Amino acid sequence: DPAAGGSAVLARINRLESDRTNLLAQVAWARAIAQEQQKALEREQQRADELAEELAAQRARIERLKALSVLDRILGRHKEV
């Protein structure tokens with residue numbers, strides 16, 4: 001029966017279109033998740049950079065304090081550091 005064959009083909013086409021739509025939705029969802037993860041990674045990288053800068057500043061301060069003599073400490077110069 002040609003009509004039955006035609007309806008089977010149409011059903012198959014509809015199924016393929018539905019599958020395609022579902023796959024496109026999954027791809028869009030995966031892209032959105034990937035973008036959110038990328039943003040989170042960038043925020044964490046920025047935070048790590050800020051912490052590294054802060055650590056470097058603290059180390060420099062410690063080195064300046066270590067370089068002070070006893071006289072400097074008695075005179076209160078350590079407060080300037």
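Colleague: Is Trp 29 buried or exposed?

Modeller: Relative accessible area decides: under 20% is buried, over 50% is exposed, and partly exposed lies in between (1.4 Å probe, protein chains only). Trp 29 has a relative accessible area of 60% and is therefore exposed. This is a predicted model, in which local features need pLDDT of at least 70 and side-chain atom pairs count only at pLDDT 80 or more, while totals for chains, interfaces and linings use all residues. Residues are numbered from 1 along each chain as its sequence is written, and side-chain values use heavy atoms, with hydrogens and water left out.

Colleague: How many helices and strands does the protein chain have?

Modeller: Helices (H or I, at least four residues) and strands (E, at least two) are DSSP runs, numbered from the N terminus. The protein chain has two helices and zero strands. Helix α1 covers residues 2–67, and Trp 29 is placed in helix α1. Helix α2 covers residues 70–74 and includes Leu 71; Arg 73 also sits in helix α2.

Colleague: What does the radius of gyration say about the protein chain?

Modeller: The radius is taken over C-alpha atoms, and the globule rule is 2.2 Å times the number of residues to the power 0.38. For 81 residues a compact globule would come near 12 Å, but the protein chain has 33 Å. Along the principal axes, the C-alpha atoms fill a box of roughly 110 × 15 × 10 Å. Two pairs give the spacing along the chain. Trp 29 and Leu 41 are 12 residues apart, and their C-alpha atoms are separated by 18 Å. For Arg 73 and Arg 47, 26 residues apart, the C-alpha separation is 35 Å.

Colleague: How many of the 81 residues, as a percentage, count as buried?

Modeller: Of the 81 residues, 5% count as buried. The accessible surface (Shrake-Rupley method, 1.4 Å probe; for residues, only the protein chains shown count as cover) comes to about 7,200 Å², with 57% belonging to carbon and sulfur atoms. Arg 73, at 39% relative accessible area, is partly exposed.

Colleague: Which residues form the nonpolar patch on the surface?

Modeller: A patch is made of residues with over 30% relative accessible area and no salt bridge; like charges are joined within 9 Å, and nonpolar side chains (Val, Leu, Ile, Met, Phe, Trp, Tyr) within 5 Å. Here the patch consists of Val 70, Leu 71, Ile 74 and Leu 75, which together have about 440 Å² of accessible area.

Colleague: How many salt bridges does a search of the whole structure find?

Modeller: The criterion is a side-chain nitrogen of Lys or Arg within 4 Å of a carboxyl oxygen of Asp or Glu. The search finds three. In one of them, Arg 15 meets Asp 19, with the closest N and O atoms 3.6 Å apart. Another joins Glu 36 and Lys 39 at 3.8 Å, N to O. In a further bridge, Lys 66 pairs with Glu 63 at 3.4 Å between the closest N and O atoms.

Colleague: Where do Arg 15 and Asp 19 lie, and how many residues apart are they?

Modeller: Both are in helix α1, four residues apart, about one turn of the helix. Glu 36 and Lys 39 also lie in helix α1, with a spacing of three residues, about one turn. Lys 66 and Glu 63 are likewise in helix α1 and three residues apart.

Colleague: Which accessibility class does Lys 66 fall into?

Modeller: Lys 66 has 56% relative accessibility, so it counts as exposed. Glu 36 is partly exposed at 46%, Lys 39 at 43%, and Asp 19 at 26%.

Colleague: How many positive and negative side chains does the protein chain have?

Modeller: Lys and Arg count as positive and Asp and Glu as negative, while His and the chain ends are not counted. Each charge is placed at NZ of Lys, CZ of Arg, CG of Asp or CD of Glu. The protein chain has 14 positive and 13 negative side chains, and the centres of the two sets lie 6 Å apart.
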